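Dear colleague,

Please find below the sequence and the structure that I am handing over to you. My findings follow directly after them.

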Amino acid sequence: MLQFILRRLGIMALTMLCLTVVVFFLISLEPNLKKLAISQTESRATQEQLESWLLRNGYRQNFFVRYGQWLGVVKKQPNIDASTGKATPRFVFCDEADVPTYSGILQGDFGCSTKFRVPVAAKLFPALGATGLLMFWVMVTMVPVSLLIGVLAGMREGSRTDRVLSAASIMTTATPEYVSGVIFSVVFASWLGWLNGSAASATAQGITFYNFTLPVMTMAVYGIGYIARMTRASMVEVMTQQYIRTARLKGLSFSAVVIKHALRNALIAPFTVIMLQFPWLLTGVVIVETMFRYQGFGYTLVEAASNNDIDLLLGCSLVSVFVVLFTQLLSDIGYAYLNPRIRVQ
Amino acid sequence: MNLEHIGAFQILISVIARFWPVWICMAIVMGASYFYRKKLGLYGQLYGTGVGVIGLAVCFFWLFTAIFASVIANFDPIAQIAVMKDALPGAVVPEGSGHGVYLFGGDKLSRDVFSRMVFGSQIVLIIAPAATMFALMVGATLGLPAGYYGGKIDTFLSFLANLVLAFPVILLFYLLVTPGIMETPIPYVMAGIFFLFPIIFFCMLFYTRFKRRPDRLYILLGLTILIGGWVYLGLVFNADPLGIVAIDPNQLNIFIAVVFASSPGVFRIVRGLVMDIKTRDYIAAAQTRGESPWYIMLWEILPNARGPLIVDTCLRIGYTTILLGTLGYFGLGLAPESPDWGTAIKDASRLLRTTIHPALPPTIALMSFVLGLNLLADALREQSLKD
């Protein structure tokens, strides 16, 4: 087991390395660097000024040197001002060492955000916290609701309850966040006026039922149908097993059979599905946070991507790739742990 | 200025009337299919279930809407009639600035919401199925050897697939579908690679089958390379000698991004199916006969994997539609005035506090189309499990 986890962690590190190289390559493309230079200098800068800005801030170094610096395996050179001969930080809002140092991801330095004018860590981690809060409430609503729907539908396959609930879950899987978000806003915010159509106040004044229900609801709906269908399939399969028939023939009531015998076995498969939902939720977070103006990870990612904020975007991709791979690992380990029939070799 | 409005009932009647070519075609196609359903195989069996009929009806509805968009829509999707800004549903265009009724009202740029919704279906129904087909080709061409040979090829290809799958879709889109990237050769290189797969796929398909029958082989190979090469020239280099096949660079970029995002999923499914099917007896029989590995993959395994693949393709077209909507919602790739549903939802969702009606038609259109595909996939799965 330990060997399995270690090997998976190794693959994870390799994947993260490959993906960050790809991201780094794509944001370092010439048009993107131009865009960054234009946004960081005065608007009427000439070509030469843009070029000199890029050169001065080290964007013209070799690709692998820059990647190594970001990673922390190549020393970052201090920025020497040509006129005074003194070391000055590249960005006024970020501290930088006066001597060449290893200062990258491996040392815990995420770099500087050119858009928000703060160190990346100061922007990224509060945003992750805000998104964590959103995710927590989404999970709290989504998981019980979808499991309940799935179990109720799968309990008696083909019954009317099953048909209605299955139709409802197909319906929700056809409703991406930007569709349900609009519909919920129209119904609950514009027509009924019960809820706030924006979660902007949640960042400053804390979350309330009034400003946080719509984002949570919007995100949960898309996932509910999928998890419910998986739970239903698993439940249907379990209900046809011999031991369920034995339990029924022993004279146990239907509810006792479902709760004591079927449920535990039927919930193994949905566990995996729920864990694998995280990457999906990541896209949802971006949509929902943009739509409801909630300043979390998704909002940060969009801002970073549209302003070509290199360090921030790299930080964001590192975090999201980590989340995806880590939940995959957790789901594999958890599955092996929950289901004794599966043994990891 | 006050606009005249027609009532809700009249709006309903006019909308139904505007879709007249759709109703006629649906009646013909579905009626004929229902009549001959016994001879139509899996497709015909769909007419035996309520879910299947509803799914088919919705899909046909949008298909014919896309085909007849210019007949159904009564206005140009990007034309603006200034006086109709934020007009409520059913507003009549005043004399002098045109004639007709804004059935679903006007948006903030005073365009007809109804016509935009109808024309939006064209973009979605061209890109989503085509991109899914390409993803299917790419996924199948790579998934077959990965599942069949296993070993190093499998490890390598699976690692690549997992790499792409570990990317959050939205980040991938932000990186691949920026305007700046069109100045670099990246989208064209990717297009060049992806569009090569169908040609390879069909060449292999015909070569393995007709290896010993040169008369058939040369014709089929020649046709594949001719047609494939023609489309390839048109799409990748935008240099179609006849000038028929052409694609807007922006759309090419979107197309590539969507294919790139969804082929690893197909790859995984194909690989899993192949690993399951290759243990069957008829594969062992084919191996004993001395058939080449690619013949076994393409002519023994692939046809036997078609059931799950068809279901997956249906679901995947729906998912691709959602992806396209996401692209539109973030304003990536498509032109800002493009009538596609995602862009329309983005425009409308920013103004929900003041006007609601431009938001609803595109959302409901997108939802119903994806729902139709999901129902269809559900019915197909049920029917293919039966036999």
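Chain A contains 14 helices and two strands. Please note that this is a predicted model. Of the 345 residues in chain A, 37% are buried. As for contacts between residues at least 6 apart in sequence, 69% of those in chain A join residues at least 24 apart.

One helix pair deserves a description. Two packed helices are described by the angle between their axes and the distance between the axes. Helix H13 of chain A covers residues 297-306, and helix H14 of chain A covers residues 310-338. These two helices pack with their axes 8 Å apart, at an angle of about 140°. Because of that angle, H13(A) is oblique to H14(A); an angle would have to be over 145 degrees to count as roughly antiparallel. The crossing of H13(A) and H14(A) is left-handed.

On the side of H13(A), the residues that meet the partner helix are A:Thr300, A:Leu301, A:Ala304 and A:Ala305. H14(A) contributes A:Leu312, A:Leu313 and A:Cys316 to this contact.

After H10(A) comes A:Gly251, which has a positive phi, near 100°.

With kind regards

Conventions
Residues are numbered from 1 along each chain as its sequence is written. Chains are lettered from A and ligands numbered from 1 in the order in which they are written. This is a predicted model: local features need pLDDT of at least 70, side-chain atom pairs count only at pLDDT 80 or more; totals for chains, interfaces and linings use all residues. Helices (H or I, at least four residues) and strands (E, at least two) are DSSP runs, numbered from the N terminus. A residue is buried if 20 or more other C-beta atoms lie within 10 Å of its own, exposed if 12 or fewer, and partly exposed in between; C-beta atoms are placed from the backbone. Two residues are in contact if their C-beta atoms, placed from the backbone, lie within 7 Å. Axes are lines fitted to C-alpha atoms, for helices over the stretch in contact, and angles run from 0 to 180 degrees between N-to-C directions. Angles under 35 degrees count as roughly parallel, over 145 as roughly antiparallel, 65 to 115 as roughly perpendicular and the rest as oblique. A crossing is left-handed if the near helix is turned anticlockwise from the far one by less than a right angle, and right-handed if clockwise.
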